[in-house]
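Please have the viewer open as you read.

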Amino acid sequence: MATTSPGALRRLQDWLPRLVLAPSFALVLVFVYGFIVWTAVLSMSTSRILPVYKWAGFDAYERLFAQPNWWMALKNLAIFGSLYIIVCIALGLFLAILLDQRIRIEGVLRPIYLYPMALSFVVTGTAWKWFLNPGMGFQNTVRGWGWESFTFDWLVRPDMAIYTVAIAGIWQASGFVMAMFLAGLRGIDSEMLKAATVDGASTFTIYRRIVIPLLRPAFLSAVIVLAHMAIKSYDLVIALTGGGPGNATELPSTFMYSYTFTRSQMAVGSASAMIMLMGIAAIMVPYLYSELREEKR
Amino acid sequence: MRKILLAGTAISLLASAGAFAEESVEVLHWWTAGGEAAALNVLKDDLASKDVAWRDMPVAGGSGVQAMTALRARVTAGDPPTAVQMLGFDIRDWAEMGVLGNLDDLAAEQGWAEVIPEAIQAFSKYDDQWIAAPVNVHSTNWLWINKAALDAAGGETPEDMDGLFAMLDAFQEQGITPLAHGGQPWQDGTLWESVVLSRGGMDFYRQAVLEADAEALGGDTMRQVFDDMTKLRSYFDGSFSGRDWNLASAMVIEGQAGAQQMGDWAKGEFLRAEQVPGEDFVCIRFPGTQGSILFNSDQFVMFDLGDEEKRSAQLKMAAAVMDPSFQIAFNTVKGSVPARTDVPDADFDDCGKKGMADLAEAAEAGTLAGSLAHGHGQPSSVKEAVFDVVTQHLNGQISTDEALTRLPQAVAAAQ
Amino acid sequence: MSAREMAIATAAGPSRLNRVVIYGLLLIFAAMYLLPLFVMLTTSFKSLDEIRGGDILALPADPTIQPWLRAWGSACIGVTCDGIKGYFWNSIKMVVPAVLISTALGALNGYVLTKWRFRGHKLVFGLMLFACFIPFQSVLIPMARVLGQLGLSNTTAGLVLVHVVYGIGFTTLFFRNYYEAFPTELIHSAQMDGAGFFTIFRRILLPSSAPIIVVCVIYQFTNIWNDFLFGVSFASGESAPMTVALNNLVASSTGVKEYNVDMAAAVIAALPTLIVYVVAGRYFMRGLMAGAVKG
């Protein structure tokens with residue numbers, strides 16, 4: 001080692017960055033892409049309780065799409081996902097704009113909006129479940145105040161339960177979206193806004209015409225973050241409803257978990273995982289591609 | 001030869017208790033409710049007295065859902081726990097994967113074959129080898145009634161579905177929740193299988209559930225069952241969804257509710273609340289099912305650990321589980337009856353005595369069948385498929401007609 | 001809050017009424033966000049009788065710390081009744097190394113991917129970034145196999161490995177976006193002076209990385225602390241982290257559900273992440289502005 005020629009040292013310097021990156025990249029290749037391939041293999045096997053490597057073609061996929069539960073899960077994801085993304089963004093933007101009006105107590109309010117993101121649903125699920133439970137929670141309290149006919153029983157109604165899941169999800173993530181927008185707002189050149197004010201534009205117009213279009217990158221980041229969180233939402237449902245009442249709050253993630261681990265249909269579970277991955281790829285790959293290409297300019 | 005030697009060492013180890021204080025068993029279970037944990041402590045203390053340390057691996061939630069995930073991870077990693085609480089068809093599934101240890105020598109030594117009912121042996125053995133030690137026999141077709149509410153309703157226990165509805169109506173008039181229920185798929189399934197047994201009798205249960213006969217699953221008797229389920233649903237309170245079973249039991253204990261349909265593990269909760277059978281609460285077979293039993297048997301499955309020291313601890317645990325005095329101590333706390341039939345019933349309360357007598361009678365008459373809801377009727381894929389339909393129907397997501405079309409389809413698709 | 005605020009308000013343009021509306025809205029939303037935490041906290045100080053009889057929004061009439069003591073030291077989880085204190089340390093032992101390792105790796109990766117680019121660096125980054133989005137449920141079984149082969153099954157070390165592996169994507173993203181804006185000229189001139197790869201990193205990039213390190217540490221800390229799925233699958237039993245123990249505790253009811261103890265345990269489990277957010281929240285925003293969110 002001590003007698004390395006300058007040429008070799010040079011080469012080492014050239015290769016060093018790649019050597020530094022290599023372990024992380026190798027980990028990702030094995031633990032993410034290797035496992036995806038492995039899941040793909042399982043989805044075409046006859047695996048039930050533990051992995052079995054016997055070819056079964058697309059049988060598991062056929063069975064998957066013949067399951068009413070799977071369709072329910074997809075439908076719920078559509079309802080939950082769109083509500084979650086839209087409301088989180090609307091609320092996050094609204095709060096960010098309000099907070100951007102030189103609020104003196106901003107330092108107090110910001111962590112209040114942000115803290116739900118810091119808590120796991122394993123923790124807050126207990127409180128939420130209790131709060132939404134018609135017999136003990138909010139409904140009971142309001143009735144106790146004298147409004148006897150007040151009803152808030154969404155948690156136990158199969159047609160409404162998915163909306164309670166969305167409420168809890170929005171509570172958790174909207175503060176984080178607010179922070180992303182606030183960061184974006186703070187990055188906007190204030191001279192430009194002053195000029196617009198001088199021109200006599202109303203506050204509303206300034207936001208609609210100038211500020212919000214400038215926030216486009218923050219919108220995009222928010223959509224991506226929320227979309228992948230919606231698809232991966234799992235402990236939210238488990239903590240609140242366990243997928244019930246009936247199968248009213250089944251999501252693809254809970255579907256996959258139960259088919260793989262409790263229903264001994266590992267191949268079907270793996271097939272649903274592959275479909276989920278394809279869904280995520282359909283959102284992420286175009287985004288990543290355009291983001292990374294743009295930078296070149 | 002090696003095996004015999006091994007078992008020999010294990011038994012001599014048993015004799016010289018105290019020699020190996022280092023021994024320990026790691027036990028995966030989901031018995032975290034009060035009565036269950038108390039029963040498990042009996043085993044823990046018993047093993048401690050034999051110098052085997054207990055390393056607890058509780059994984060709570062959803063009747064073992066997460067526990068089975070944790071187990072899969074451990075087995076896949078090649079590092080299974082010493083012993084795992086398991087039920088029915090799951091035991092067969094794991095045995096089929098060839099990962100379980102063999103308990104034949106210990107079983108032969110202690111004569112398990114003579115004292116365990118055939119129906120239970122069917123799940124403790126695979127390929128004619130003992131792979132699990134049965135702790136108890138639970139039966140699921142019980143009804144637990146608050147005595148005060150029953151007395152106010154005339155004091156007569158119902159004998160059939162109509163009698164049940166009449167009693168629930170009377171409870172309704174008293175202003176309490178007539179039927180305490182927890183809206184989780186397995187609890188819905190437990191209620192459903194009792195109604196199936198009540199309406200159709202044991203032959204119908206066998207045909208529809210155990211043989212998964214499509215005609216029976218979509219036929220007129222089943223229509224009656226689903227209609228009954230709809231009617232029973234009207235006796236629940238408003239926030240039953242997702243409630244744990246022991247909280248439903250607590251409603252009966254506190255008199256907020258009149259009755260609960262649940263397996264005999266519910267008795268553990270009554271006893272812990274210092275209630276006395278016959279005085280504070282009444283246990284009867286689910287109306288219309290007297291004489292038949294839907295059972296499930298908790299067993300400790302021993303995994304093949306390939307390590308002699310661990311195996312010796314494992315055999316000690318299996319021996320302790322099968323010990324008659326332990327079976328009495330454990331089951332009086334847990335609410336179940338011993339898996340061994342040669343155990344005297346003197347220490348059991350009235351419900352326990354009734355349970356033991358019913359079990360013996362049903363085993364004799366051939367009216368003892370595995371409970372679907374608790375993994376002794378069908379493999380878990382079929383069980384969950386039935387749960388899907390039953391729970392969606394009970395929650396009003398699908399009509400009775402749809403349920404009758406869906407049920408045979410779902411069962412066929414899961415097989 | 002008078003003269004100065006008025007001055008600010010008039011300077012900003014909107015009328016005083018507007019200010020009232022804005023503050024009103026902000027405070028109403030703050031109350032809504034705080035509600036679950038408020039319920040958890042007040043419930044944890046109530047006696048069971050009060051919970052049963054009372055209103056969930058009411059303050060405890062007769063505050064007691066008994067539930068907290070029980071949750072910490074004597075509540076039953078399975079057959080042992082030692083509360084959740086042991087599991088708290090399990091979580092610490094898991095979180096600290098996992099956060100440090102994944103942050104360090106992310107910083108180095110970000111450095112290489114922005115300042116020492118090679119052909120295909122975008123593809124490498126894209127592949128690492130996509131890895132953030134894999135549903136974790138699908139990697140449980142193969143991961144268990146790998147952990148078993150490494151002899152790390154059911155250990156805290158195994159859990160650290162899992163969290164590092166699935167955290168790298170995010171940490172790399174944070175540092176890459178941050179270093180992207182860092183002037184490359186500085187690096188070049190340092191190279192001219194003969195500084196090597198690590199010297200440049202240590203002397204030039206690291207000293208100005210504080211905001212992004214804070215973001216990264218907060219993000220990883222909360223994610224790993226809150227993880228339930230990996231914990232329950234790979235470390236049940238003695239090495240179980242806090243969230244798994246909490247789940248067991250909440251399910252270990254003895255007929256009467258001790259809501260106050262459950263809530264106290266939940267607050268204890270949430271305390272570290274809450275403190276991190278409240279104490280470091282300001283730096284978190286600063287870091288976000290400094291480049292975690294591009295905009």
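Predicted model: local features only at pLDDT ≥ 70, side-chain atom pairs only at ≥ 80, totals over all residues.

Which pattern does chain A follow when read along the sequence? The answer is α-α-α-α-α-α-α-α-α-α-α-α-α.

Now step back and consider the overall dimensions of chain A. Its C-alpha atoms fill a box of roughly 75 × 55 × 35 Å along the principal axes. The radius of gyration of chain A is 25 Å, whereas a compact globule of 297 residues would have one near 19 Å. As for the interior, 47% of the 297 residues of chain A count as buried. Contacts within the chain are worth a look too: among those in chain A with a separation of 6 or more, 67% are between residues 24 or more positions apart.

Next, turn to the neighbours. Where chain A meets chain C, the contact takes 76 residues from chain A and 73 residues from chain C. On the chain A side, helix α1 (residues 6–43) gives the largest share, with 15 residues. Sorted by class, this side of chain A that touches chain C holds 49 nonpolar, 20 polar and seven charged residues.

Chain B is the other partner to visit. Here the contact takes 24 residues from chain A and 26 residues from chain B. The side of chain A that touches chain B is made up of ten nonpolar, eleven polar and three charged residues.

Terms used: Residues numbered from 1 in each chain as written. Chains lettered and ligands numbered in written order. Contact = placed C-beta atoms within 7 Å. Nonpolar A, V, L, I, M, F, W, Y, C, P; charged D, E, K, R; others polar. Helix = DSSP H or I, 4+ residues; strand = E, 2+ residues; numbered from the N terminus. Rg over C-alpha atoms; globule rule 2.2 N^0.38 Å. Buried ≥ 20, exposed ≤ 12 C-beta atoms within 10 Å, placed from the backbone.
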